[in-house]
Amino acid sequence: MPLTREGTSFAGTWSRLSAQRGSLCLGVAPSASWMRRWELDDTSESLDRYGDIILEAAGDGVAGYKVQVPFYLRHGTAGLAALRRFVDGAHERDALVLLDAKVGDADDTMAAYADLYLGPDSQLGGDAVTTCAFMGTATLHPLLRIAQDSGTAVFTLVRTSNHGAGEVQGSRTAGGTSTAEAIADALTGWHTEHCGTDQPGPAAAVVGARPPESAQLVGRLPHSVLEIPGLGRADRRTEEVLAPVRDATDRAMLTVTTGVLRHGPAPTALRAGIRWWHEEIARHL
Ligand SMILES: O=C(O)c1cc(=O)[nH]c(=O)n1[C@@H]1O[C@H](COP(=O)(O)O)[C@@H](O)[C@H]1O
């Protein structure tokens, strides 16, 4: 039985699983450089081995994975098959999968992305997908509707953590609202219109801002599951990254990629890295 499906909600499943296993969401990134570091050939055949190592290390100790989709797609159809295999393996261990593909387009094309990424009937079977609202927040609606119907979620980039993100996301309208704030407000408006306001809905958000902006944006997203990147980065302290979600722990997905993968490829060392991050998060939340 897939974790997300009609009649369930991604937010509800995440809340349940993260209460049992912690809010850590493990990044999965089989890039050429990570494959080299893990002494794996950079081939589609090795993708299965890579995924198996991660699943073996995490066991049933992780509530979710955020998978960097392009690192699979670059291998073509064999990469797609390996990605589907990873998704199925995660579901067997009762973990959710956020497919980080950052899709963004309009109308039917967004629905076509859902056919590939979103929900138990899609090709890849993801529980959630990342998206970008550059073409306008209304272009998210087809994807959000499908997510609501299939019990999945759509993580829209509100404010990312990369250098230079402020160039577009921090630009302000004549009224003084930043692009990031406008996107956050649009997600909250969608929830109010389509879901009521008592439970978190499918319009989730990626918030990689720094204080004080991070807390301000989280405050504008009261009904969204929040993917928070930044843990383990040299320029950010754990306390700083987690402060904005201290009052929203049931909605927080705290993604760590490098901070865990650097312990690989030995599953025991990876497992110790995962345990360390669980403890570090618990210390600060
Ligand atoms: O979508 C993301 O997770 C993401 C959002 C963001 O604001 N910044 C950001 O770096 N990321 C992703 O996080 C990954 C790196 O994660 P760490 O190694 O944990 O820092 C990158 O591959 C990005 O795709």
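Author: A residue is called buried under 20% relative accessible area, exposed over 50%, and partly exposed in between, with a 1.4 Å probe and protein chains only. The model is predicted, and local features need pLDDT of at least 70, side-chain atom pairs count only at pLDDT 80 or more, while totals for chains, interfaces and linings use all residues. Residues are numbered from 1 along each chain as its sequence is written, and side-chain values use heavy atoms, without hydrogens and water.

Helices (H or I, at least four residues) and strands (E, at least two) are DSSP runs numbered from the N terminus, and two strands pair if DSSP finds at least two bridges between them. Here 8 strands close into a barrel in the order 1-2-3-4-5-6-7-8, with parallel pairing. Neighbouring strands of this sheet are turned by 30° against each other on average, direction ignored; axes are lines fitted to C-alpha atoms, for helices over the stretch in contact (heavy atoms within 4.5 Å), and angles run from 0 to 180 degrees between N-to-C directions.

Strand 4 (residues 128-131) is joined to strand 5 (residues 153-159) by 4 bridges, and Thr 131 has Thr 156 as its bridge partner in strand 5. Across strand 5 and strand 6 (203-207) lies helix 9 (residues 179-195), at about 150° to strand 5; Cys 195 is partly exposed at 25% relative accessibility.

Helix 13 (residues 267-284) lies across strand 1 (24-28) and strand 8 (252-256), at about 140° to strand 1. The whole structure has 0 disulfides, a disulfide being a pair of cysteine sulfur atoms within 2.5 Å.
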